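Work through the exercises below with the sequence and the 3D view open. Try each task before reading its solution.

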Amino acid sequence: MYWEKEIETMPVSELKALQLQRLQHTLLRALTSPYYRRMYQAEGVSADDVRTLADVQRLPFTTKQDLRNGYPYEFLTVAKEEVVRLHSSSGTTGQATVIFHTAHDIADWANLIARCMYMTGARKSDVFQNMSGYGMFTGGLGFHYGAEKLGVLTVPAGSGNSKRQIQFMKDFSTTIIHAIPSYALHLFSVFAELGMEPKRDLHLKIGYLGAEPYTEHTRRRVEEMFGVRVYNSYGLSEMYGPGVAFECPEQNGMHIWEDCFLVEVINPQTLEPVPDGEEGELVLTALSREAMPLIRYRTRDLTMILPGECPCGRTHKRIARIKGRSDDMFIVKGVNVFPMQVEAVLMGIPEVGTNYQIVLETQDFMDVMTVKVEMRGEVFTGDVKGLQTLQHRITTALKSELLFTPHVTLVEPGSFPEAQGKAVRVIDHRMRNEE
Ligand code: ADP
Ligand code: ZN
């Protein structure tokens, strides 16, 4: 049983008391690492400064740059002999960092994943195919240990090799899949190539999608394509990996497991807290990690706390779908753009297929944004005029979202190479101003 009712539905006041106790304990532990000891000495703060949960705001933030500065061992709070695993972040943005785990950390992490999976209906009778990359990427081993802990038959398929994935799904009657959203969309195009329909030919019922931002439209599409209910899964290597926040059957925001994480949302410019329901940067403090507890870690992920209680009865706060990383934003003609704004428009248009890319260039000293959009195969069997109308419709829809007119190029299915790992949505070829 992985319905941890006592913890998951703990009254908020008790949950807060548990958090404070764990926070104080974690601070003492963190201060045994060379990095935090130096940092806190320099800032003139100590564990004694934290008497309430709000006091956490007196402590400095930890950033990705800190992890780089302390690479590889300076955040460790245990002897190296106690460490049983390391994961390195996938390095989507800049140099990689490393995170260490004790056996206790690995067990806690598995427990969180088991909790998430059970919450969404996974049971021992299920067959779970993990299509996440194994190795350094935490989606592989992270989900794997959790699924085994729950007692589900776990197929460590890894990512890629789509025809073999589909064969596994048939042969083992897979019921639950886990993938990054861009791979799930790609996989669907392989089904189409093979003349198969997952809804008709397979036994899938649940899909976990995470590790990349995606829109509500994309979720509904994947649900429709595969005949599954899709649950959003959020995590980052610095806080284990997946299992930090996960959707419940309500599919309305992700419960962030507050027995293990202290949640803050801040304005990334002023660094002041923002109220619930307002967007900001998620800041997390690990409350139960042994090897490498991070305090006030700036995730750079943009989200908000959803106000109100969840009808499922769980008391842990919910965060909204991640809008993107603060550094995903790019500026075109003076307008701030997030790739997810483009995706939201595209996935709402039925003729649009499963992939797209944003290319930024400089022409005559001006920014030019081109959106290359993969169409569904049947679109290209129509006449040229129909294509032009469609292109115009997409351009108009993008313009009303972005407030400037991008170029739109329609491309055939399979025009983009299969991505290795997370999708690259934006290619920026623009000239940089010489400083
Ligand atoms: P990297 O920072 O190199 O990508 P990770 O593999 O640790 O390393 O990725 C964690 C990041 O992935 C998060 O900080 C977030 O930006 C993104 N992410 C994870 N889950 C989701 C999700 N469900 N929705 C949107 N973004 C996500
Ligand atoms: Zn809920």
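Two strands count as paired if DSSP finds at least two bridges between them. Keep in mind that this is a predicted model.

**Exercise 1. Find the strand order of the four-strand open sheet, then identify its edges.**

Step 1. Read off the order: β20-β19-β18-β21. The pairing is mixed.

Step 2. Look at the ends. β20 (407-411) and β21 (426-428) each have a single partner strand, so one side of each has no neighbour in the sheet.

Step 3. On average, neighbouring strands are turned by 20° against each other, direction ignored.

Step 4. Take one pair. β19 (residues 366-375) runs parallel to β20, and five bridges join them. Within this sheet, E374 sits opposite V411 of β20.

**Exercise 2. Determine the geometry of the zinc site (ligand 2) from its donors and angles.**

Step 1. List the protein donors: C248 (SG), H255 (NE2), C310 (SG) and C312 (SG). They lie 2.1 to 2.3 Å from the zinc ion.

Step 2. Check the angles. Among the four donor atoms they run from 103 to 117°. Four donors count as tetrahedral if all angles lie between 85 and 135 degrees. The site is tetrahedral. For comparison, the ideal angle for four tetrahedral donors is 109.5 degrees.

Step 3. Write the spacing in sequence: C-x6-H-x54-C-x1-C.

Step 4. C248 is in the loop between β8 (242-247) and β9 (254-256). C312 is in the loop between β13 (305-306) and β14 (318-319). The two are 64 residues apart, and the pair links distant parts of the chain.

Step 5. Is each of these cysteines buried or partly exposed? C248 has a relative accessible area of 0%, so it is buried. C312 is partly exposed, because its value is 22% and buried means under 20%.

**Exercise 3. Classify the crossing of α5 and α6.**

Step 1. Recall the description. Two packed helices are described by the angle between their axes and the distance between the axes.

Step 2. Take the values. The axes of α5 (residues 103-119) and α6 (residues 138-150) come within 7 Å and cross at roughly 75°.

Step 3. Apply the class. Angles of 65 to 115 degrees count as roughly perpendicular, and α5 and α6 therefore are roughly perpendicular to each other.

Step 4. Inspect the contact. Residues of α5 that make it include I106, W109, I113 and Y118. Those of α6 include F143, Y145 and L150.

Conventions. Residues are numbered from 1 along each chain as its sequence is written. Chains are lettered from A and ligands numbered from 1 in the order in which they are written. This is a predicted model: local features need pLDDT of at least 70, side-chain atom pairs count only at pLDDT 80 or more; totals for chains, interfaces and linings use all residues. Side-chain values use heavy atoms; hydrogens and water are left out. Axes are lines fitted to C-alpha atoms, for helices over the stretch in contact, and angles run from 0 to 180 degrees between N-to-C directions. Donors are N, O and S atoms within 2.8 Å of the metal (3.2 Å for Na, K and Ca); water is not among the atoms, so sites may look incomplete. Four donors count as tetrahedral if all angles lie between 85 and 135 degrees; four count as square planar and six as octahedral if opposite donors are over 155 degrees apart and all others between 65 and 115; anything else is irregular. Buried means under 20% relative accessible area, exposed over 50%, partly exposed in between (1.4 Å probe, protein chains only). Angles under 35 degrees count as roughly parallel, over 145 as roughly antiparallel, 65 to 115 as roughly perpendicular and the rest as oblique. Contact means heavy atoms within 4.5 Å.
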